[in-house]
Amino acid sequence: MKAVLDKDTSAQPADPSLGDAYLIPAAATGTDWAGHDDDVAIFTARGWQFSAPNTGRLIYVADEDSFYRYTSDGDWVLGIGLGALGDNDVIPSNLL
């Protein structure tokens, strides 16, 4: 699971810090982010690197203090889903 700073920033920041990450919204603009809708953008020493989401991916959005999941419909949706977990399905040490 990855954490991002924001999911509503529609163009790459002018002065990002190394390691800054954003969830790119639909119709993003800017020379680097255009065409990367729904990707996760991470600023590195070589510039922006992008990661396309897979169905079921969870991401923490820091400015909202919320989790989002990527659905099979191709949407980021607030929450972790409706499926119930049984006892010992998730071991806390595996969440790191």
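Two strands are said to pair if DSSP finds at least two bridges between them. The legends below describe close-up views of a predicted model.

**View 1. Facing residues in the hairpin formed by strands β3 and β4.** Ala41 stands opposite Phe50 in β4, and Ile42 is placed opposite Gln49 of that strand. Strand β3 spans residues 40-44 and strand β4 spans residues 47-51; the two run antiparallel and are joined by 5 bridges. Between the two strands of the hairpin lie 2 residues.

**View 2. The open sheet of 3 strands.** The strand order is β2-β3-β4, and the pairing is antiparallel. Strands β2 and β4 form the edges, each of them pairing on one side only. From one strand to the next, the twist averages 25°. In general, the strands of a sheet pair through backbone hydrogen bonds, in either a parallel or an antiparallel manner.

**View 3. The largest nonpolar core and a separate core.** The largest nonpolar core comprises 9 residues: Val4, Ala21, Leu23, Val40, Ile59, Val61, Tyr68, Tyr70 and Trp76. Two or more residues of this core come from each of β2 (21-23), β5 (58-61) and β6. Another core, of 7 residues, lies apart from the largest one and includes Tyr22, Ile24, Ala41 and Trp48. Nonpolar side chains tend to be buried together in soluble globular proteins.

**View 4. The aromatic cluster of Tyr22, Trp33, Phe43 and Trp48.** These four residues, Tyr22, Trp33, Phe43 and Trp48, form one aromatic cluster. Tyr22 and Trp48 are also among the members of the core of 7 residues. Over the whole structure, a search finds 6 aromatic pairs.

View 5. Ser66 counts as buried because its relative accessibility is 17%, the cut-off for buried residues being under 20%. The side chain of Ser66 reaches the backbone oxygen of Glu64 at 3.0 Å. With residues up to four places away in sequence left out, Ser66 touches Ile59, Tyr60, Val61 and Leu78. Of these contacts, Ile59 and Val61 are also listed in the largest nonpolar core.

Terms used: Residues numbered from 1 in each chain as written. Predicted model: local features only at pLDDT ≥ 70, side-chain atom pairs only at ≥ 80, totals over all residues. Heavy atoms only, no water. Buried < 20%, exposed > 50% of the residue type's maximum accessible area, 1.4 Å probe, protein only. Polar contact = N/O pair within 3.5 Å; in protein donor to acceptor, adjacent residues only side chain to side chain. Contact = heavy atoms within 4.5 Å. Helix = DSSP H or I, 4+ residues; strand = E, 2+ residues; numbered from the N terminus. Core = buried A, V, L, I, M, F, W, Y, C linked by side-chain atoms within 4.5 Å. Axes fitted to C-alpha atoms, helices over the stretch in contact; angles between N-to-C directions. Phe/Tyr/Trp six-rings, centres within 6.5 Å; stacked < 30°, edge-to-face > 60°.
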